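Open the structure in your viewer and keep the sequence panel beside it. This tour tells you what to select at each stop.

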Amino acid sequence: MELMTHQLNASRQLESGKILYGAVGIGKSATVLDYYTREESPRDIYVITTAKKRDSGDWEREAAQFGIGRERSCTTHGTITVDSWNNIGQYRDVVNAFFVFDEQRVVGHGVWVRRFITIARANHWVLLSATPGDTWLDYGPVFVANGFYKNLTEFKRAHVIYRAYVHYPVVEGYINETKLELLRNHILVEMPYLRLSKQHLNYIDVGYNHQEAQRIRRDRWNTVEQRPIRDAAEMWRLLRRVNNSDPSRLEAVRFLMKAHPRLIIFYNFNYELEILRSLKDEIEVAEWNGHKHELVPLTDRWVYLVQYVSGAEGWNCTSTDAMILYSLTYSFKNFEQARGRIDRLDSTFMDLYYYIFVSNLEVDVAVRKSLGQKQSFNERKYLKEKVGKNEGILEGISAN
């Protein structure tokens with residue numbers, strides 16, 4: 001398989017323990033497979049990726065172009081096994097193989113992180129990521145897997161300052177960041193690439209039910225369950241539901257369907273999905289979420305409904321140039337990853353259109369501001385700063 005210049009340059013810089021870092025859709029999988037055939041073959045190769053990417057067969061098809069197959073009789077290198085992060089525990093006893101950890105999941109201190117460290121210490125490995133880390137804590141597991149620290153406890157003692165006198169760990173800051181920067185620079189292999197495609201972000205103004213929002217704010221009344229609201233967090237969730245379920249959003253979808261006969265639509269919640277399913281009488285509808293794993297339709301007119309958490313990464317679609325973000329995600333990573341589903345190296349579209357639905361209710365204004373600053377939205381932090389100890393909360397929730 002012939003690689004592009006930016007892929008070849010990155011492949012030559014790779015070593016076991018590195019993070020191959022680059023934007024969505026620029027060919028990281030082909031790059032790491034090229035590295036494997038040169039430096040890691042004939043070890044068997046294991047790819048730990050998202051469930052959607054595992055089920056799509058993309059890794060096996062790309063590996064076949066490098067002569068890598070699933071069976072001994074069908075490979076000129078080691079055999080390839082592709083599985084999801086949910087099954088990573090099944091490979092904790094594998095030794096002397098080559099692992100590709102696709103789509104960064106080694107953040108925090110959960111079971112995936114523990115399994116990752118166990119596997120990394122017994123094998124050669126590379127991690128692929130479009131967003132390798134927002135904080136130094138995100139890099140902790142990778143530093144431990146490389147042997148820079150004995151364990152996460154040692155890493156935290158050496159670098160993390162926690163706020164005193166609180167009931168749960170709150171990071172106050174970091175120390176000796178110069179060392180952390182040197183370690184990070186040592187393991188990151190960046191894949192810069194000047195794209196030919198152009199992303200056109202179009203923010204579409206939509207409305208919300210002012211009367212219902214006012215009742216939630218002023219009367220502290222849960223209009224869904226018909227009872228008093230318990231706290232600020234519940235009020236925020238209700239306002240978000242009023243915002244995201246407004247009929248103006250579906251009207252905007254129908255309008256855009258006239259200009260773009262094939263549309264990918266990202267959403268957050270099940271109540272949004274139920275609203276979007278009403279389009280089935282007008283156009284072919286397929287879904288990818290926690291309940292349905294349908295493929296992108298092959299017809300001329302369709303909408304593909306994708307839940308952010310389930311489908312923001314690990315797949316691609318080059319048969320459309322348009323996407324709707326029906327509601328805003330809190331995660332900047334998901335926001336970036338979702339847009340990358342149609343922005344691929346092999347796309348024939350040079351202009352890609354993204355329609356981002358936003359209202360002037362503060363639940364949208366605050367999230368949009370965070371995403372615009374390339375940061376994830378922290379609801380707890382926002383409400384704490386907004387509310388404080390004042391029980392007259394969120395009176396000015398409208399951004400009018």
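Which kind of contact do the side chains of Asp58 and Arg61 form? Select both and show their side chains. They meet in a salt bridge, with N and O 2.5 Å apart. Keep in mind that this is a predicted model.

**Stop 1: around Asp58 and Arg61**

Stay with this pair. Asp58 and Arg61 both belong to helix α4, residues 58-64. They sit 3 residues apart, so about one helical turn separates them. Asp58 is partly exposed, at 22% relative accessibility. Arg61 is also partly exposed, at 49%. In general, side chains of opposite charge can pair when their charged atoms come close.

**Stop 2: helix α2**

Select residues 28-40, which make up helix α2. Pick out Asp34 and Arg38. Their side chains form a salt bridge, 3.3 Å from N to O. The two residues are 4 apart in this helix, about one turn. Arg38 is partly exposed, with 39%.

**Stop 3**

Next, select Asp102 and Lys53. They form a salt bridge, and their closest N and O atoms are 3.2 Å apart. This pair connects distant parts of the chain, 49 residues apart. Asp102 is in strand β4, residues 98-102. Lys53 is in helix α3, residues 51-56. Are these two buried or exposed? Both Asp102 and Lys53 are buried.

**Stop 4: a network of charges**

Select Glu274, Arg277, Lys280, Glu287 and Lys292 together. Salt bridges link these residues in a network. How many salt bridges are counted in this model? The count comes to 19.

**Stop 5: the open sheet**

Switch to cartoon view. Find the open sheet of 6 strands. Its order is β9-β16-β15-β12-β14-β13, and the pairing is parallel. Which strands form the edges? They are β9 (198-205) and β13 (284-288), each pairing on one side only. Turn the sheet to look across its strands. The twist averages 20° from one strand to the next.

Now zoom in on β15 (residues 322-325) and β16 (residues 351-358). These strands run parallel, joined by 4 bridges. Select Leu325, and you will find Ile356 of β16 opposite.

**Stop 6: the whole chain**

Zoom out. The chain holds 16 helices and 16 strands. Its radius of gyration is 23 Å, close to the 21 Å that the globule rule gives for 400 residues, so the chain is as compact as a globular protein of that length. Along its principal axes, the C-alpha trace spans about 65 × 60 × 35 Å.

How much of the chain is buried? Of its 400 residues, 52% count as buried. Show the surface one last time. The accessible surface comes to about 19500 Å², and 48% of that belongs to carbon and sulfur atoms. Finally, think about contacts between residues at least 6 apart in sequence: 69% of them join residues at least 24 apart.

Note on methods. Residues numbered from 1 in each chain as written. Predicted model: local features only at pLDDT ≥ 70, side-chain atom pairs only at ≥ 80, totals over all residues. Heavy atoms only, no water. Salt bridge = Lys/Arg side-chain N within 4 Å of Asp/Glu carboxyl O. Buried < 20%, exposed > 50% of the residue type's maximum accessible area, 1.4 Å probe, protein only. Pairing = 2+ DSSP bridges. Axes fitted to C-alpha atoms, helices over the stretch in contact; angles between N-to-C directions. Rg over C-alpha atoms; globule rule 2.2 N^0.38 Å. Contact = heavy atoms within 4.5 Å. Areas by Shrake-Rupley, 256 points an atom, 1.4 Å probe, with all protein chains shown as cover.
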